[in-house]
Amino acid sequence: MIYRIEKDILGRVKVPANKYWGSQTERSRKNFKIDSEVSIMPIEIIHSFGFLKKASAHANFEFGILSKKKRDIISLVCDEIIEGKLNDQFPLVVWQTGSGTHTNMNVNEVISNRGHVLIGETLGKGNPFIHPNDDVNMSQSSNDTFSTAMHIASYKKLVDITIPSIQNLRNIFEKKSKSFKNVIKIGRTHLMDAIPITLGQEFSGYVSQIDHGLNSLKKTLDHISELAIGGTAVGTGLNAPKGYDIKVTKYICKYTGFPFKVAKNKFEALSSHDAIVECHGSIKQIAVSLIKISNDIRFLASGPRSGIGEIFIPENEPGSSIMPGKINPTQCEAMIMVCTQVIGNDVTISISGSSGNYELNVAKPLMVYNFLRSCQLIADACNSFSSFCIEGIKPNYDRIKDLLDNSLMLVTALNTHIGYEKSAEIAKSAYRNNSTLKEEAIKLGYLTADQFEKWVDPSKMV
């Protein structure tokens with residue numbers, strides 16, 4: 001490895017000669033070798049910093065405190081960051097300072113050194129034309145920039161990836177619900193036989209669960225759209241021009257296409273991340289719903305001969321290395337595992353959200369790492385579940401009819417005709433004698449065959 005020497009207030013640091021990052025990034029890289037192959041700062045945060053630093057440069061130029069040439073060079077490098085051209089220049093892990101300062105400086109140093117090269121200079125030689133602190137970080141603090149990048153990345157991920165995937169799954173369930181509206185089956189409560197329901201009604205419950213989760217999630221977008229930028233170190237806005245927060249937010253909206261706004265209270269925006277906690281709570285709600293739905297699907301498909309077996313799900317892959325011909329509900333199992341992870345992430349985010357000490361939350365990287373992971377996990381799982389399971393569900397009509405006709409709980413229809421006690425006696429006798437409800441009702445003399453046929457009609461019970 002060939003190195004160059006960079007300097008900071010603590011002294012000289014050896015930095016890989018071909019990398020754009022500087023001394024502070026390198027110190028963090030060496031001091032926090034914690035799961036460094038996996039827990040890299042999410043690239044969505046880096047790209048969000050690209051939007052933010054570009055917006056800041058333009059705002060600072062408008063205030064007359066940054067030259068046009070520096071603005072343009074910073075903007076050019078930020079565009080490369082946003083486009084993913086410099087992804088390999090951001091090596092830091094999540095396990096760093098709780099404010100995200102190291103990542104902010106990583107971005108500042110890359111913009112500075114890349115800008116140095118773009119104006120025709122040699123990397124590592126001479127003083128940089130654009131200073132990482134004085135120019136790239138002008139009017140900012142790590143405390144308000146990382147908080148802002150958290151919200152930009154989270155909002156963008158939700159709107160671009162997560163919500164559309166959940167919405168698509170919801171729409172497929174609705175389509176199935178409508179196509180199954182006349183499929184009458186036995187209902188179940190406490191895992192025991194209950195009165196009839198249609199398969200369409202059962203699926204409509206899943207649609208409603210997802211609808212409520214989506215509504216809750218969309219409502220949190222307003223809080224997530226608030227940006228902390230302009231609060232600088234503790235929320236007071238020291239060293240930022242008056243009105244800087246409004247100008248930079250306006251530019252962020254322009255570059256991202258999303259309706260961001262200035263945080264109503266920057267002390268809250270820096271010292272807590274209740275918006276992330278609130279929003280992830282809605283994601284957790286959806287995860288809880290999807291576990292319930294996934295379990296229902298796999299139980300309904302269980303068998304094929306010794307389970308419930310009321311629906312067929314797609315046969316995607318062999319299910320056993322020893323039992324020939326076995327097929328398992330793998331998409332349901334994957335969804336359940338994903339949602340379990342999301343619920344675990346919610347615990348992490350909740351504890352992290354409470355780690356605001358006076359004027360600053362000090363678990364920001366961990367919060368956004370888990371938040372963005374949940375967003376991607378739920379999105380990917382919904383896409384997979386939709387394509388490889390729900391789309392291909394078909395009713396097992398013969399099995400549904402057999403289970404419906406044999407159910408003792410159809411006797412519930414007789415309550416209003418002969419009363420609860422006599423109806424219960426019919427059910428108990430049929431179960432004890434392994435006979436039908438009709439046979440026992442007639443044998444006990446409580447009603448005629450015609451009355452039974454008239455009153456015990458599953459199509460009138462749904």
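On a 1 Å grid over the protein atoms alone, a cavity is a set of points where a 1.4 Å probe fits but cannot get out, and its lining residues have an atom within 4 Å of a point.

Before we start: this is a predicted model, in which local features need pLDDT of at least 70, side-chain atom pairs count only at pLDDT 80 or more, and totals for chains, interfaces and linings use all residues. Residues are numbered from 1 along each chain as its sequence is written, and side-chain values use heavy atoms, with hydrogens and water left out.

**Exercise 1. Describe the second largest cavity: its volume and its lining.**

Step 1. The second largest cavity holds about 60 Å³ of space, a volume being the space filled by probe spheres set on the points, with grid points joined across faces, edges and corners.

Step 2. Its lining includes Ile-313, Pro-314, Ile-327, Pro-329, Phe-388 and Cys-389. Asn-316, Glu-317, Asn-328, Thr-330 and Gln-331 also line this cavity.

Step 3. By class, the lining has 6 nonpolar, 4 polar and 1 charged residues. Here Ala, Val, Leu, Ile, Met, Phe, Trp, Tyr, Cys and Pro count as nonpolar, Asp, Glu, Lys and Arg as charged, and the others, Gly among them, as polar.

**Exercise 2. Find which helix gives the largest share of the lining of the largest cavity.**

Step 1. A search of the whole structure finds 2 cavities of 30 Å³ or more, and the largest cavity has about 80 Å³ of space.

Step 2. Helix 6 (142-179), helix 9 (266-271) and helix 10 (274-300) each supply at least two lining residues. Helices are DSSP runs (H or I, at least four residues), numbered from the N terminus.

Step 3. Helix 6 gives the largest share, 3 residues. The lining as a whole divides into 3 nonpolar, 6 polar and 3 charged residues.

**Exercise 3. Work out how helix 2 and helix 3 are oriented.**

Step 1. The axes of helix 2 (residues 43-62) and helix 3 (residues 68-82) come within 8 Å and cross at roughly 165°. Axes are lines fitted to C-alpha atoms, for helices over the stretch in contact, with angles from 0 to 180 degrees between N-to-C directions.

Step 2. That angle makes helix 2 roughly antiparallel to helix 3 (the term covers angles over 145 degrees).

Step 3. Residues in contact (heavy atoms within 4.5 Å) include Phe-51 and Phe-61 of helix 2 and Ile-74 and Cys-78 of helix 3. By class, this contact has 8 nonpolar, 4 polar and 5 charged residues.

Key: Parallel < 35°, antiparallel > 145°, perpendicular 65-115°, else oblique. 1 Å grid on protein atoms, 1.4 Å probe; cavity = no way out; pocket = protein on both sides within 12 Å on 5 of 7 lines; lining within 4 Å.
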